[in-house]
Amino acid sequence: MDFATLFAWFVMGLLSLVVVAVIVGLGSLPGQVAKARSHPHAEAINVASWIGLACGGILWPFALIWAYLPFSSASTSESSEVDQLRQQVATLEAELAALKSASTHASS
C-alpha cells in the first residue's frame, strides 16, 4: 500500500465519523429542543425524531416542528387549582375543628 491509499482510507474513516456525528446530532435535536422548552410530549418527540431519521428523514421535520409548537399550560393551571382546593379544604377542616371544640366546651 502506498501513502495515497492509506490517506484515502483515513479520510474515508474520518468522513464516516463525521456522518455518524451529524446523524446523532440531528436525531437528538428535536428531543433536546422539546426538553429545553419543558414540552409535555418531549419523549414522544424524541422517539418521532429517531423514527423519522430511520425512515429516511421523512418524519424528522415534523418532529422538529412539533418540538417548537406552543403547548397549553393546562397542567400548570390544573396544579394551581388543586393547590387552591387544598387550601380551601385545610381552611374548612380548621373551621370544623374549631366548631367541634366550641360545641364540646358549650355542652360541658
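For these notes I call a residue buried under 20% relative accessible area, exposed over 50%, and partly exposed in between (1.4 Å probe, protein chains only). The model is predicted, so I keep to pLDDT of at least 70 for local features and 80 or more for side-chain atom pairs, while totals for chains, interfaces and linings use all residues. Residues are numbered from 1 along each chain as its sequence is written, and side-chain values use heavy atoms, with hydrogens and water left out.

**Entry: Ser 38**

I looked up Ser 38 and found it in the loop between H1 and H2. Helices here are DSSP runs (H or I, at least four residues), numbered from the N terminus. Ser 38 is exposed, at a relative accessible area of 56%. Its phi is near 55 degrees, a positive value in a residue other than glycine.

**Entry: helix H3**

Which residues of H3 (residues 60-68) are buried? I get Trp 60, Ala 63 and Ala 67. Down the axis of H3, these buried residues fall within an arc of 60 degrees (directions from the helix axis to the C-beta atoms), so they line one face of the helix. A handy reminder: an α-helix has 3.6 residues a turn, so residues three or four places apart point the same way. The buried residues of H3 pack against H1 and helix H2 (42-54), with contact meaning heavy atoms within 4.5 Å. On the face of H3 turned away from its buried side I find Phe 62 and Ile 65, which are exposed.

**Entry: Val 22**

Val 22 is found in helix H1 (residues 3-36). With a relative accessible area of 45%, Val 22 is partly exposed.

Technical notes: Helices (H or I, at least four residues) and strands (E, at least two) are DSSP runs, numbered from the N terminus.
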